[in-house]
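Colleague: Hi! I'm new to this one, could you walk me through a few spots?
Modeller: Happy to, let me put it on screen.

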Amino acid sequence: MEWCRRAGGVSGLLCSMSLLCVLLDIQLDGVLGATQAEIEHHLEMGRKLLAAGQLAEALSHYHSAVEGDSKNYLTYYKRAAVFLAMGKARSALPDLTRAIQLKPDFLPARLQRGNILLKQGNTQEAREDFETVLQRYSDHKEAEEQLMKVNELEELQEEAHATYHQGDYSATASMLERVVEISPWDPETRELRAECFIRMGDPQKAILDLTPAARLRNDNRAVFLKLSLLQYSLGEHHESLNHIRECLKLDQDDKDCFSHYKQVKKLSKQLDSAEELIQQERYQESIEKYESVMKTEPSIPFYTNLAKERICFCLVKLQLANEAIDACSEAHQRDPRNTNILRDRAEAFILNQDYEKAVEDYQEAREFDGDSSSIREGLERAQKLLKISRKRDYYKILGVARNANKQEIIKAYRKLAQQWHPDNFQSEADKKEAEKKFIDIASAKEVLTDPEMRQKFDEGEDPLDPENQQGGGGGQRAWPFHFNPFESGGNFHFKFEYN
């Protein structure tokens, strides 16, 4: 300070300011800087935690060590090791570069950085690191092997791009398999192979490449958009919505992403709402929602096919047999191998008492999915109903639909019972024919007005068939009214119950 005062003028002022800065640096180091003991503690804790696999905790200690001593190349190198163990190669790269800057002859950092650069597809910088190692150690085996991979990668990249521009996408995709093997963190390679798969008509494989590629760049909105569009076209609307949101996180004003987001969000909401309505057994409302789905997205077949399939299902649940058969047949024409549609149409045929066609649909569904228990059980039920219908079909006897209620059944029974009462006929032949019909009518009323018996019949079992009676069917049948015509001789009067 004495010398500064003697200097006087501008020189003296500059001298004083320089000394002040030095004093401030010393004071700040004392306040903010860590002691060597503290740095060593952080390094030791980081080492132990890394060995124990507690990576986040280890990283925290290495952060503190770097802050305490920003000139120690080893600290950067060790923190890079933690980043790599966490799968964060991009975060490790700056630490390895800083370690090399602090100690240019620190070859382990160069070798590690070269390996990362090679996996990222950066052949030029990777080559420089491996060659630097070999200049110091000409027989370094790992550096030699990695340098050979660099040469191989450059040749493959050049050949693959040339083949792609020739339009041979299959050959390009095959070449890129080895490229991806050498440089799995190179987004360009994965994006190129995804484009090949798209042109080859295999969007699922394209998605498998684009999904990691989207995470390999800091701003990859174009890939997120492409991913979302592909998934949308395949009917994966939830995944599509998730990826388009990732694009908007990077830039909420991206016009292409925002436009697609609005479309996906609207359609996804309609589809989810339609399924919720089905879960709530609000089938008519669900039909209306699926009709809206087809209006929202008329261009992509998946959504139209899905909507028609679910409308078919809802109509069956509503027991609208004819409408269901029409809707299911249209859906089946669009998607012939869909077992859900075949199963639902089979149920519609059962509602319509067309058991032969129900059996045919269930048999066709079984060809496509032989392991489905619901299809197997449905086929068995349809076959039982067909067998019964060839004997007696109580619904057809009364002329009522399978979903008829008790009041409708009793009304039909009364009308037919009056029509076929044996006392209405004069000749013996006519009386016998009337007896037979009258017995069938009464049996039908007995079965269909008893919930337990009706359920058995609907499941394909005739509760009045002696073969299904306990004891095997040798006993005499109990008639549902106060007579047995086969014991009454020729002259008898019928008494029956209408209720």
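Predicted model: local features only at pLDDT ≥ 70, side-chain atom pairs only at ≥ 80, totals over all residues.

Colleague: Let's start with charge. Which residues gather in a patch of negative charge on the surface?
Modeller: That patch brings together Asp-139, Glu-142, Glu-144 and Glu-145.

Colleague: And where is Glu-145 found?
Modeller: Glu-145 is part of helix α9, which covers residues 141–165.

Colleague: Why does Glu-145 count as partly exposed?
Modeller: Because its relative accessibility is 39%, and partly exposed covers values between under 20% for buried and over 50% for exposed.

Colleague: New topic: Glu-281. Is that one buried or exposed?
Modeller: Glu-281 counts as exposed, because its relative accessibility is 57%. You'll find Glu-281 in the loop between α15 (255–279) and α16 (283–296).

Colleague: How many residues apart are Glu-281 and Leu-318 in sequence?
Modeller: They are 37 residues apart along the chain, and their C-alpha atoms are 9.4 Å apart in space.

Colleague: What about the backbone? Which phi does Gln-319 have?
Modeller: Gln-319 has a positive phi of about 60°, and it isn't a glycine. Most residues other than glycine have a negative phi.

Colleague: Where does Gln-319 lie?
Modeller: Gln-319 lies in the loop between α17 (301–317) and α18 (321–334). With a relative accessible area of 37%, Gln-319 is partly exposed.

Colleague: And what is the phi of Gln-353?
Modeller: Gln-353 is not a glycine either, and its phi is positive, about 60°. Gln-353 sits in the loop between α19 and α20 (355–368).

Colleague: Is Gln-353 buried or exposed?
Modeller: Gln-353 counts as buried, since its relative accessibility is 11%.

Colleague: Okay, on to Thr-339. Which helix does it lie in?
Modeller: Thr-339 lies in helix α19, residues 339–351. Thr-339 counts as buried at 16% relative accessibility.

Colleague: What is Thr-339 in contact with?
Modeller: Setting aside neighbours within four places in sequence, Thr-339 is in contact with Ala-365, Phe-368, Asp-369 and Ile-375.

Colleague: Last one: which residues of helix α12 are buried?
Modeller: In α12, residues 203–213, the buried ones are Ala-206, Ile-207, Asp-209, Leu-210 and Ala-213.

Colleague: And what covers the buried residues of α12?
Modeller: Their cover includes helices α11 (187–199) and α13 (221–233).

Colleague: Great, thanks!

Methods: Residues numbered from 1 in each chain as written. Heavy atoms only, no water. Patch = residues over 30% accessible without salt bridge, like charges linked within 9 Å, V, L, I, M, F, W, Y side chains within 5 Å. Areas by Shrake-Rupley, 256 points an atom, 1.4 Å probe, with all protein chains shown as cover. Salt bridge = Lys/Arg side-chain N within 4 Å of Asp/Glu carboxyl O. Lys, Arg positive; Asp, Glu negative; His and termini not counted. Charge placed at Lys NZ, Arg CZ, Asp CG, Glu CD. Helix = DSSP H or I, 4+ residues; strand = E, 2+ residues; numbered from the N terminus. Buried < 20%, exposed > 50% of the residue type's maximum accessible area, 1.4 Å probe, protein only. Contact = heavy atoms within 4.5 Å.
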